[in-house]
Amino acid sequence: MSGSSTSGASGSASLSATTLRALEAVLPPIVALCIAAVIGDLLILSFGESPAAVYALLIKGTWGNPYGIGQVLYKTTTLTCTGLAFALAGRAGLFNVGAEGQLAAGGFGAALLGLSLPAGMPGLLAVPLCVMAAMLTGAGVGAVPGVLRARFGASEVIVTIMLNFIVLALLNWVVSTHLHLPETLRTPDIHAGTLPRLADWFSVFSGSAANAVLLLALAAAAASWWWLFRTRSGYELRAVGLQPDAAEYGGVHVPRVMWTSMALSGALAGLGGVNFVLGYKGYYEDGFAGGAGFLGIAVALVGRNHPFGIVLSALLFATLSQGGLAVNAIVPKQLTDILTAVVILSVATAVPEVQRQLRAAAASTMAALTRAQQTSGGRAS
Amino acid sequence: MMAIAFLLQTLRIAVPYLLAAAGGVLSERVGVIALGLEGLMLSGAFGAALGAYYGDSAWAGLAGALAAGAVMTTILAVATLRFRANQVVVGVAINLIVVAGTRYFLRLIFDSSSNSPRVAGFGGEGVGNAMLASFTNPVVWIGLVTLPALGWVLYRTPFGLRVRAIGEKPEAAASLGVNVMRLRVLGLYIAGAMAALGGAYLALDQHQFTDGMTAGRGFIALAAVIFGRWQPARVAVACLLFAAAETLQIQLQGAQLVPSQFVEMIPYVLTIIALAGLVGRSTAPAALGKTE
């Protein structure tokens, strides 16, 4: 009697644990989007426009036509990379706020190698080399805060922020004094070859910047997932993120995990730079990162640090970003930037709150179950 | 004469750093990571321009700055203290909201994407020398006394003792009857007001708000907080050092001995060196970031 009732209780408890996890994953983004929608409505009304009209325009300018879709996919590519960059370090318990600098450095690395390769080199060879150069440059910039954290305990949050300024100033100096076309802040065109555009395959997308780096970004997401959840070193990384002390006692070399995860994180951000340099423009231009590195934090946060969640949330933020341009005629495009920040803030507050509420609910359910069990057991005896 | 001009210029440039860094010290001492300093400053600058525009006086500008700072501090406090959200994420979000929000309202209110119209500032009429005229601005004097005052409060008053206690061992402070939450909220609002005044100085000094006019000064102030190891006197020295570097950069601009980009890097490089412990171990307040 008591045996069967125990298994019944644990059965419903494991069911509620699964439901709990699902709710914890899904609820915060929904809450955040609702809050963002309300604030967005208020802002639009403050500008004397109708929210419905603005949102209709936003949808029409993004998912409503092939060019818009192409632009959204182009922005999704960079954001997937920077989102993955933040998430990978985040899984190891580290905050990589340096994706902005790593992204720019990666783009610059690709451009620098592309410019120095011999002009006659076939693209099939040159392009992969440039992609690797981007990832290596990004990894180099990412490794610095990782090593400083592992070796000296220096806060990676502050170091990555400071490195952003340093890297961007350094690149600005190199480009403005040594590598630029006259009267511009861009390098000469790279002859190493470019990646195919989406428009080369499907002519309806003509004019939009989406390109084959999207496939690389999706592959990076899949690889990150596989690595994090299916390999030993990925498991060690997550262990360090959850309980560094326990991981240490479990035989994980925590400092090494710290700097390798930061380097990998930087490599992913660096890949994002390829999207602009080889996929879109064919040259490096000062300031191309334009906040996409910081936006990666939002992307990772809404995607709950899960590679597939990140692809979806990159789509959302890319839509908002492109949508800003679409609605700029009637309301300032910064409307969607504010909404982006509101989404970050609401997810950041909703996640711990939802977790607390759900756990409290689950605990009271469990308590009620136990009570019911005890009374029924008492009656039987 | 050159030396005096250099000194005055340095003090003038240091004002926004000193104010924001004082806010940073207090915020981190009560346990909240001061990543949002940049945003708080920029909101203060925008509030100052709004206040000075509608109130047609620099004092109204200061009131506007404090109001804008209070609004942003409320968001910060609710997110970090009430909902216990991740402080790094909240700080980044605050900065994004203010950058986007000031642009939005710049266009909404002034119908411009880059700057506000000219607003009132603190006069300085009748003072021939432009450098000396800056020192008729009361915010300059507030800036110069804030960090020393904060140091005195932190180390010489019961309030300061409590603030230091909740930054290091909040449980112990709570067991002695200190209302930790109330003190944290109070500390954050004072910190937000200081940072907003730092931004107000910029807007009132230039008689207008321009898009992104804080230009990383909030992050430099945070760098000064870390470089000064959360101790007001050292933080003040760090701020003056960074300001001196900037003054040097301005004075050398014609000479072009060192590219300006390298001079810009100085505070950031110094911070990384400080964090790596090469100039002595820097230890953050123990409860920083852990406001559960």
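## Exercises on a predicted two-chain model

A:Tyr74, A:Phe108, A:Phe276, A:Tyr280, A:Tyr284 and A:Phe288 are joined by ring pairs into a cluster. The model is predicted.

**Exercise 1.** Find how many aromatic pairs the whole structure holds. Then classify the pair of A:Phe108 and A:Tyr284.

*Solution.* 
- Step 1: count. A search over all chains gives 19 aromatic pairs.
- Step 2: take the geometry. The A:Phe108 and A:Tyr284 rings are 5.3 Å apart, centre to centre, with 85° between the planes.
- Step 3: apply the cut-off. Planes over 60 degrees apart count as edge-to-face. The pair of A:Phe108 and A:Tyr284 is therefore edge-to-face.
- Step 4: place the residues. A:Phe108 sits in helix α4 (residues 99–116) of chain A, and A:Tyr284 in the loop between α11 (254–281) and α12 of chain A, so the pair ties together parts 176 residues apart in sequence.

**Exercise 2.** Classify the ring pair of B:Tyr104 and B:Phe105. Is B:Tyr104 buried or exposed?

*Solution.* 
- Step 1: the ring centres of B:Tyr104 and B:Phe105 are 5.5 Å apart and the planes stand at 80°, so this pair is edge-to-face.
- Step 2: B:Tyr104 has a relative accessible area of 0%, so B:Tyr104 is buried.
- Step 3: B:Phe105 has 29% relative accessibility, so B:Phe105 counts as partly exposed.

**Exercise 3.** Describe the interface of chain B and chain A. How many salt bridges does the rule find across it?

*Solution.* 
- Step 1: count residues. Chain B brings 39 residues to the contact and chain A brings 43 residues.
- Step 2: take the area. About 3700 Å² is buried between the chains, and carbon and sulfur atoms give 80% of that.
- Step 3: look for charge pairs. The rule finds 1 salt bridge across the interface. A:Glu353 forms a salt bridge with B:Arg82, with the closest N and O atoms 3.6 Å apart.
- Step 4: name the elements. On the chain B side, α3, α4, α10 (217–227) and α12 (260–275) each give two or more residues. α4(B) gives the most, with 14 residues.
- Step 5: sort by class. The chain B side has 28 nonpolar, 5 polar and 6 charged residues.

Methods:
Residues are numbered from 1 along each chain as its sequence is written. Chains are lettered from A and ligands numbered from 1 in the order in which they are written. This is a predicted model: local features need pLDDT of at least 70, side-chain atom pairs count only at pLDDT 80 or more; totals for chains, interfaces and linings use all residues. Side-chain values use heavy atoms; hydrogens and water are left out. Contact means heavy atoms within 4.5 Å. Buried area is the accessible area (1.4 Å probe) that two parts lose on being put together, summed over both. A salt bridge is a side-chain nitrogen of Lys or Arg within 4 Å of a carboxyl oxygen of Asp or Glu. Helices (H or I, at least four residues) and strands (E, at least two) are DSSP runs, numbered from the N terminus. Ala, Val, Leu, Ile, Met, Phe, Trp, Tyr, Cys and Pro count as nonpolar, Asp, Glu, Lys and Arg as charged, and the others, Gly among them, as polar. Rings of Phe, Tyr and Trp (its six-membered ring) pair if their centres lie within 6.5 Å; planes under 30 degrees apart count as stacked, over 60 as edge-to-face and the rest as tilted. Buried means under 20% relative accessible area, exposed over 50%, partly exposed in between (1.4 Å probe, protein chains only).
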